[in-house]
Amino acid sequence: MTSTAHLSTARLAAAGVGLACLTAGALALTAPAAHAGTLPVTHPGEPTIAMTITNHTDKTEHLLNDGTSPNGIWVNAPRQTLAPGATEIVTAVAPHGTTLDMHVAYRVGLAGPTATYEVSNNQHNTNIANTGMTGPFAKNYWINHTFSSHYPNTNIGFDLW
């Protein structure tokens with residue numbers, strides 16, 4: 001084998017390894033988030049919520065309370081802080097229930113506005129209830145949401161910008 005052919009073979013092999021690493025990295029970035037349909041349920045059909053919250057700001061979000069799920073129980077409760085660029089998945093179930101509400105509120109930065117993430121999940125309507133920004137400098141931020149499924153197993157993504 002000539003040195004040119006050997007060099008080409010080595011380059012092809014390196015390119016193949018690089019492509020495999022790139023593909024694996026891309027798959028890791030697009031890995032599915034928690035899914036409400038996979039949460040523990042007592043009876044089939046009872047409501048669940050998987051809420052994915054991503055902080056796209058340059059400020060840490062600070063939990064204002066322990067979050068509430070008045071007619072359900074936490075499977076994964078909200079974190080005390082959510083760093084800039086971080087994502088968390090908050091999940092709850094309603095054992096023996098027919099409705100499920102979830103409310104999580106963070107202060108953006110040390111003295112900023114409140115970011116409220118709220119979902120009401122019932123057989124008649126699944127909605128984002130009172131989700132939004134309130135308080136000082138609230139107009140500088142916004143929350144986008146995307147439902148990927150609805151009642152009984154609701155999956156929603158919230159993005160704070």
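Predicted model: local features only at pLDDT ≥ 70, side-chain atom pairs only at ≥ 80, totals over all residues.
I began with N140, which is partly exposed at a relative accessible area of 43%. My cut-offs: buried is under 20% relative accessible area, exposed is over 50%, and partly exposed lies in between (1.4 Å probe, protein chains only).

Residues are numbered from 1 along each chain as its sequence is written, and side-chain values use heavy atoms, with hydrogens and water left out.

I placed N140 in the loop between strand 9 (132-134) and strand 10. Strands here are DSSP runs of E, at least two residues, numbered from the N terminus. I also checked N140 against P113: they are 27 residues apart in sequence and 9.2 Å apart in space, C-alpha to C-alpha.

Five strands form an open, mixed sheet in the order 3-5-1-11-10. Strand 3 (73-76) and strand 10 (143-149) stand at the edges, each with a single partner strand, so one side of each has no neighbour in the sheet. Two strands pair if DSSP finds at least two bridges between them. Strand 1 (residues 48-55) pairs with strand 5 (residues 87-93) in the antiparallel sense, over seven bridges. I picked out T54, whose bridge partner in strand 5 is T87.

Last, charges. I found one salt bridge in the structure, taken as a side-chain nitrogen of Lys or Arg within 4 Å of a carboxyl oxygen of Asp or Glu. It joins the side chains of K59 and D58 at 3.5 Å, N to O. K59 is partly exposed at 33% relative accessibility, and D58 is exposed at 62%.

Notes
Helix = DSSP H or I, 4+ residues; strand = E, 2+ residues; numbered from the N terminus.
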